[in-house]
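Thanks for coming, everyone. I'll take a few minutes to walk through one structure. Please have a look at it first.

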Amino acid sequence: QATDPFTEPSLVHKFANLLPGVGGKKAGKVDGVFRNLRQMAEGGVEDWMRVPGIGKRTAKRIVEAVNE
């Protein structure tokens with residue numbers, strides 16, 4: 001069964017949904033800040049704080065999880 005690229009969540013969205021403090025709604029907003037997984041992995045606390053709904057504490061947790 002083929003997936004529809006217009007309705008299928010992006011890889012960025014799927015990965016973001018696995019990170020601490022990022023649920024479905026926030027994961028959808030990550031696409032607006034990070035265009036690919038490399039940007040997500042290289043993003044610092046300040047970058048993650050650009051995602052609506054993600055504050056400093058959550059951003060730190062995300063950066064720590066990505067860098068483990």
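How much accessible surface does the protein have, and what share of it belongs to carbon and sulfur atoms? The accessible surface comes to about 4800 Å². Carbon and sulfur atoms account for 51% of that. Keep in mind that this is a predicted model.

Now the overall layout. The protein has 68 residues, and 28% of them count as buried. The secondary structure is five helices and zero strands. Along the sequence, that reads α-α-α-α-α.

Pick out Leu-37 on your screens. Leu-37 lies in helix H3, which covers residues 37-42. Is Leu-37 buried, exposed or partly exposed? Its relative accessible area is 34%, so Leu-37 counts as partly exposed.

Next, the inside. Where is Val-51 found? Look in the loop between helix H4, residues 45-48, and helix H5, residues 56-66. Val-51 sits in a loop, and yet Val-51 counts as buried, because its relative accessibility is 0%. What does Val-51 touch? Set aside its neighbours within four places in sequence. Val-51 is then in contact with Lys-26, Lys-29, Val-30, Val-33 and Phe-34. Gly-28 and Val-51 are 23 residues apart along the chain. Their C-alpha atoms are separated by 9.7 Å.

Last stop, helix H5. Which residues of H5 are buried? They are Thr-58, Ala-59, Ile-62 and Val-63. These four cover an arc of only 135° around the axis, so they lie on the same side of H5. An α-helix has 3.6 residues a turn, so residues three or four places apart point the same way. What do the buried residues of H5 pack against? They pack against H4. Now turn the helix around. On the other side of H5, Arg-57 and Glu-64 are exposed.

To recap. We have five helices and zero strands. Val-51 is buried in the loop between H4 and H5. And the buried residues of H5 pack against H4. That's my tour.

Conventions
Residues numbered from 1 in each chain as written. Predicted model: local features only at pLDDT ≥ 70, side-chain atom pairs only at ≥ 80, totals over all residues. Heavy atoms only, no water. Helix = DSSP H or I, 4+ residues; strand = E, 2+ residues; numbered from the N terminus. Buried < 20%, exposed > 50% of the residue type's maximum accessible area, 1.4 Å probe, protein only. Areas by Shrake-Rupley, 256 points an atom, 1.4 Å probe, with all protein chains shown as cover. Contact = heavy atoms within 4.5 Å. Arc of directions from axis to C-beta.
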